[in-house]
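Keep the viewer open as you read.

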Amino acid sequence: MSDATLHSITQDPDDFAVQIADSIESFIVATTEVAKGDEPDSAVPFLLLELSQLLLAGGRLGAHEDIVPDERYEPDTGPDVDVDELRERFAVLLDPVDVFSEVFDPYEPRKAPIPSRISDNLADIVTDLRHGLAHYRAGRTTEALWWWQFSYFSNWGPTASATLRALQSLVAHVRLDQPLAELDGLDTDEDLTEDDLAEEAGRVMAREIAGPLGLRPVKR
């Protein structure tokens, strides 16, 4: 895509930049609404859907040729919007399934799983996306696409993928009526080994979280 095309900020729905920006803004709006907790019964299904759609936009950015900004140094967008309230709302909304275990790099051999929080991940993703959106709204389309592409590889892409996997696993456990491994005692600030994770894990029946999160087992 030529630089002239990147700077052509029309509202043509077929424009690559417009489509990416629309997907990102849609995710931010939808995620913020879910965090309000007005419909807690549908929180997990909505987040699963929204992250899936966001990663489609991320895949398009990842498959695109390298986007190079006009300026050597990134223009200042001002302070990033505080996402602590969003983080805290999700922590409450998703308790007791907020903490999950992930492998940071699947290509790094014998790497122990690390504890993560869905609430932390969602807040971090929104922070990255808003940063690029600030460039886009200021008319710096190339800069916005560069940032979204760069941070897709370096941060929000892996974070969104891990979070999507956790949500998909949660839904699968509940829908298939399979017990979940409990991570309530797991502290994301601790550096725990795989054996520690196994020792922490208890047994939580899916029915204990199915109702509050709007999920139902598959009928047999």
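What follows looks at a helix, its partner, some aromatic rings and a few local details.

A word on the ground rules: this is a predicted model, where local features need pLDDT of at least 70, side-chain atom pairs count only at pLDDT 80 or more, and totals for chains, interfaces and linings use all residues. Residues are numbered from 1 along each chain as its sequence is written, and side-chain values use heavy atoms, with hydrogens and water left out.

**A helix and its partner**

Let's start with helix α5, residues 118-137. Helices here are DSSP runs of H or I with at least four residues, strands are E runs of at least two, and both are numbered from the N terminus. From first C-alpha to last, the 20 residues of α5 reach 28 Å, close to the 28 Å expected at 1.5 Å a residue (the expected span is 1.5 Å times one less than the number of residues). Of those 20 residues, 15 are buried, where buried means under 20% relative accessible area, exposed over 50% and partly exposed in between, with a 1.4 Å probe and protein chains only. Just after α5, G139 adopts a positive phi of about 90 degrees.

The axes of α5 and α6 lie 9 Å apart, at an angle of about 165 degrees; these axes are lines fitted to C-alpha atoms over the stretch in contact, with angles from 0 to 180 degrees between N-to-C directions. That makes the two helices, α5 and α6, roughly antiparallel (under 35 degrees counts as roughly parallel, over 145 as roughly antiparallel, 65 to 115 as roughly perpendicular and the rest as oblique).

**Aromatic rings**

The whole structure holds six aromatic pairs. Rings of Phe, Tyr and Trp (its six-membered ring) pair if their centres lie within 6.5 Å; planes under 30 degrees apart are stacked, over 60 edge-to-face and the rest tilted. One of them joins Y136 and W148: the centres are 6.2 Å apart and the planes meet at 40 degrees, so this pair is tilted. Y136 sits in α5 and W148 in α6 (residues 141-175), 12 residues apart. Ring pairs also link W146, W147 and F150 into a cluster.

| Residue | Relative accessible area |
|---|---|
| Y136 | 13% |
| W148 | 0% |
| A30 | 18% |

**Elsewhere in the chain**

A30 belongs to helix α2 (residues 16-35). Its C-alpha is separated by 7.4 Å from that of E50, 20 residues apart along the chain. Finally, the peptide bond from D95 to P96 is cis, with omega near 15 degrees, and P96 lies in the loop between α4 (84-94) and β1 (99-102).
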